Amino acid sequence: MRHLAIGGLILLSVVIVLASVVVGAETLSPLQAWREWRAGTPLSEAPTLSVFLYQRVPRTLAALLAGSGLALAGAAFQALLRNPLATPYTLGVSSAGALGAFTAMVLATGYGWSHTYLGFSGIEVFAFLFAAVDVMLIYFLAVQKARVSPSVLLLAGVTLGMIANAGIMMMQQMLAPEYLVIMTRWTMGHLNILGYDPVMALFIGVVPCMGVLLAQAGKFDQLGFGEELAAGRGVNVRRLQLVTFLVGSLMTAVIVSKVGPIGFVGLIVPHAVRSITGTRHRTLLPLSLIAGGAFLCLCDIVARRLLPGETPVGIITALVGGPFFLYLLLRRRFMEWM
């Protein structure tokens, strides 16, 4: 029965991803795009094919990479911290990235500073750098003790996230109203991807991190029995904690720098998948990766169709994730997941 459910989940994910390419503010005809391609029509004269290749496909690929990375990081952090509420955003990575983006905008509008680096805008570069600094600070705080404590990681992340939010409010006071609107929309999360350069940046930054986290699946299973028992079975617990923490956080920083902070994906998807697969991480992690990409594609479809214009996808994930978060709190009764 479990294998049937897993097969159904994979099939549903494939259908959602294919639908993401076709369905949007306007529904594309795949048959028309095929005809234009077969006829060799120049893209300037083939509107359906042009939209399909340079808007819909890159957008879907970005949603796949971002959703897969966030869901995988969420599952890894829940295993690492043994807490069902843990996600990459719990560690303040998204807030730090948003502070970096606001800082870049203030520098650009107030002081005329505007640069690009290797095709990345100043907002993207600063978002990544600030998120990376957040990771380094938490790591520095955590290793002051003899071992990396999950509680220290969580508390340090929450605290730095609060500091970053205070910085964001200060930056908002410094921005002109027209730029404030732009940055406010950025903090809601977006998938407004055109062309393949952003997709390639996500691919280079996310896929290697995915490989590292997937390779830790067996060790996460051992860690679930407790640190001492895992160490007795040959798991280097300290190294596992550091690798998972650093790789998962840096992957999240890359995603935030390109699509903004999109919350709750790393919380919802691993729990939904765990109800099908159980707690075995060799199955849970790859299926969370698949389902995470499909879930963000589904949210993006809703975002494009919900209201005239386009709703930021982060609003959709928050509308779904907020009630789910409260459900977890009530069900677990604030007890740590063991």
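Colleague: How many salt bridges are there in this structure?
Modeller: The count comes to 3 salt bridges. Keep in mind that this is a predicted model.

Colleague: What makes arginine 59 and aspartate 300 a salt bridge?
Modeller: Set the value against the cut-off. A side-chain nitrogen of Arg must lie within 4 Å of a carboxyl oxygen of Asp. The N to O distance for arginine 59 and aspartate 300 is 2.8 Å. So the pair counts as a salt bridge.

Colleague: Where in the chain do these two partners sit?
Modeller: Arginine 59 is in helix H3, residues 47-81. Aspartate 300 is in helix H13, residues 281-306.

Colleague: Are arginine 59 and aspartate 300 buried or exposed?
Modeller: Buried means under 20% relative accessible area. Arginine 59 has 9%, so arginine 59 counts as buried. Aspartate 300 has 0%, so aspartate 300 is buried too.

Colleague: What is the N to O distance between aspartate 300 and arginine 304?
Modeller: That distance is 3.3 Å, and their side chains meet in a salt bridge. Both aspartate 300 and arginine 304 are buried. Salt bridges with shared partners join Arg59, Asp300 and Arg304 into one network.

Colleague: How many residues separate aspartate 300 from arginine 304 in helix H13?
Modeller: They are 4 residues apart in H13, so about one helical turn separates them.

Colleague: How do you know that aspartate 221 and arginine 282 count as a salt bridge?
Modeller: Their N to O distance is 3.9 Å. The cut-off is within 4 Å, so the pair counts. Aspartate 221 lies in helix H9, residues 217-223, and arginine 282 in helix H13, so the pair ties together parts that are 61 residues apart in sequence.

Colleague: Why is aspartate 221 called buried?
Modeller: Its relative accessibility is 15%. That value falls under the 20% cut-off, so aspartate 221 counts as buried.

Colleague: Which residues does aspartate 221 touch, leaving out those up to four places away in sequence?
Modeller: Aspartate 221 touches Thr279, Arg280, His281 and Arg282.

Colleague: Let us turn to helix packing. Why are H3 and H8 called roughly parallel?
Modeller: Their axes cross at roughly 30 degrees. Angles under 35 degrees count as roughly parallel, therefore H3 and H8 get that label. Helix H8 covers residues 197-214, and the two axes come within 10 Å.

Colleague: Is the crossing of H3 and H8 left-handed or right-handed?
Modeller: The crossing is left-handed. Residues that make the contact include Leu61, Leu65 and Leu72 of H3, along with Phe203, Val206 and Met210 of H8.

Colleague: What classes of residue make up the contact of H3 with H8?
Modeller: There are 15 nonpolar, 2 polar and no charged residues.

Colleague: Which residues meet where H3 packs on H12?
Modeller: Among them are Gly67, Leu70 and Gln78 in H3, and Val269, His271 and Arg274 in H12. By class, this contact has 7 nonpolar, 5 polar and 1 charged residues.

Colleague: What is the phi of phenylalanine 264?
Modeller: Phi is positive, about 75 degrees, although phenylalanine 264 is not a glycine. Most residues other than glycine have a negative phi.

Colleague: Where is phenylalanine 264 found, and why is phenylalanine 264 called partly exposed?
Modeller: Phenylalanine 264 is in the loop between helix H11 and H12. Its relative accessible area is 28%. That lies between the 20% and 50% cut-offs, so phenylalanine 264 is partly exposed.

Colleague: How do you know that asparagine 83 is buried?
Modeller: Asparagine 83 has 15% relative accessibility, under the 20% cut-off, so asparagine 83 counts as buried. Its place is in the loop between H3 and helix H4. The C-alpha atoms of asparagine 83 and leucine 154 are separated by 10.0 Å, and these residues are 71 apart along the chain.

Colleague: And the whole chain: how many helices and strands are there?
Modeller: The protein chain has 14 helices and 2 strands. Of its 338 residues, 51% count as buried.

Definitions and conventions:
Residues are numbered from 1 along each chain as its sequence is written. This is a predicted model: local features need pLDDT of at least 70, side-chain atom pairs count only at pLDDT 80 or more; totals for chains, interfaces and linings use all residues. Side-chain values use heavy atoms; hydrogens and water are left out. Buried means under 20% relative accessible area, exposed over 50%, partly exposed in between (1.4 Å probe, protein chains only). Contact means heavy atoms within 4.5 Å. Axes are lines fitted to C-alpha atoms, for helices over the stretch in contact, and angles run from 0 to 180 degrees between N-to-C directions. Angles under 35 degrees count as roughly parallel, over 145 as roughly antiparallel, 65 to 115 as roughly perpendicular and the rest as oblique. A crossing is left-handed if the near helix is turned anticlockwise from the far one by less than a right angle, and right-handed if clockwise. Ala, Val, Leu, Ile, Met, Phe, Trp, Tyr, Cys and Pro count as nonpolar, Asp, Glu, Lys and Arg as charged, and the others, Gly among them, as polar.
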